[in-house]
Amino acid sequence: MKLQMVVAAVAAALAVGVAAAQQPIVIKFSHVVALDTPKGKAAEYFKKLAEERTKGRVKVEVYPNSSLFKDGEEMEALQLGSVQMLAPSLAKFGPLGVRDFEVFDLPYVFDDYSELHKVTAGPVGAALFKKLDSKGIVGLAYWDNGFKVMSANKPIRMPADYKGLKMRIQSSKVLGDQMKALGAIPQVMAFSEVYQSLQTGVVDGTENPPSNFYTQKMQEVQKFLALTNHGYLGYAVIANKKFWDGLPADVRTTLEGAMKDATKFANDIAKKDNDDTIEAIRKTGKTEIITLTPEQKAAMKKALVVVHKDNEARVGKETIEAVYKATDFKL
Ligand code: LMR
């Protein structure tokens, strides 16, 4: 009995010693959306896999809902190493000086997820990630959200319905031009400020996939939501390059495996999550869901595709053409 106690005490002391010698590597992972979204769930799943598979050598602290950094702050925080991982939407790389990512914002460039994946999982996606190197950032994966819908407090069916509306957008010039093409007034704003700005009338409307709309409770402050599916919103999961490259090789390999599986998870749930959310919004009875007629859809498309040519110089002709080629898109 006595001997057993001594053995247990020695084992406990050793465990404490080992733990002290091996402080876990902490990864702060900051994002701006709610937990109950495709990105929110995938970040939690990555945390679980990373911690399990590294047997606690890595601790992932996920900060959802702009609780650590918000848009306009998080990229710099990543570059400075105040946070190690982010998953900003692809529309938020312009201010960093990597405008090619705005190719994803071109209206109607992707018909569906499978077309989009031809870009993100192919050479174009890889070439875009290469452009982050010089910014001290490494691109780890593309995570899906979905196709955007438009909302406002008046019915929005035809381009003319948008005239004069102040529409909140992400920090993308392509998205600004998209709103202008509809006669609306674009306003760049951090995601964390959208609900209040809609509530107080600072802006009249916005665009996002249904899941972002619903989880920010925008149905409380927007009376109409049009299923326009006019553009895509997804994410680049990125890390501070110095941090990532400095990880022990075996840990990095394990994390890459966890990221691969978390990416599959994210991309498997995104479509259903958004489809189900449309029904959840409908059920609240607060926001009327507008399904566009084929004529209305055609009118929206006609008004918006002009944005492609107008942004050739900004986004890069080569990048746009590579995306057209991958998706078989024709203007
Ligand atoms: C937005 O700012 O509208 C979105 O990019 C938020 C997000 O990360 O999905």
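Helix H6 (residues 173–181) lies across strands S5 (149–152), S6 (166–169), S7 and S8 (205–208) of the predicted model, and runs at about 160° to S6. Helices (H or I, at least four residues) and strands (E, at least two) are DSSP runs, numbered from the N terminus. Axes are lines fitted to C-alpha atoms, for helices over the stretch in contact (heavy atoms within 4.5 Å), and angles run from 0 to 180 degrees between N-to-C directions. The model is predicted, so local features need pLDDT of at least 70 and side-chain atom pairs count only at pLDDT 80 or more, whereas totals for chains, interfaces and linings use all residues. Residues are numbered from 1 along each chain as its sequence is written, and side-chain values use heavy atoms, with hydrogens and water left out.

An open sheet is formed by six strands in the order S7-S6-S8-S5-S9-S11, with mixed pairing; two strands pair if DSSP finds at least two bridges between them. S7 (185–188) and S11 (288–290) are the edge strands, each pairing on one side only. Neighbouring strands of this sheet are turned by 25° against each other on average, direction ignored. Strand S9 (residues 224–226) and S11 run parallel and are joined by three bridges, and Ala226 stands opposite Ile290 in S11.

Five strands form an open sheet in the order S2-S1-S3-S10-S4, again with mixed pairing. Its edge strands, S2 (58–63) and S4 (137–147), each pair on one side only. Helix H4 (residues 113–120) packs on this sheet, where it touches S4 and strand S10 (232–240), and its direction makes about 170° with that of S4. Helix H5 (residues 123–130) also lies across S4 and S10, at about 130° to S4. Strands S1 (residues 25–30) and S3 (residues 85–86) pair in the parallel sense over two bridges, with Ser30 opposite Leu86 in S3.

Pockets were located on a 1 Å grid over the protein atoms alone, as open sets of points where a 1.4 Å probe fits, with protein on both sides within 12 Å along at least five of seven lines; lining residues have an atom within 4 Å of a point. The largest pocket is lined by 17 residues, of which Asp111, Phe147, Leu227, Thr228 and Asn229 lie nearest its centre. H10 supplies the largest share of this lining, four residues. The second largest pocket has 16 lining residues, with Asp71, Gly72, Lys92, Pro95 and Ser171 nearest its centre. Its largest share, four residues, comes from helix H3 (residues 74–80).
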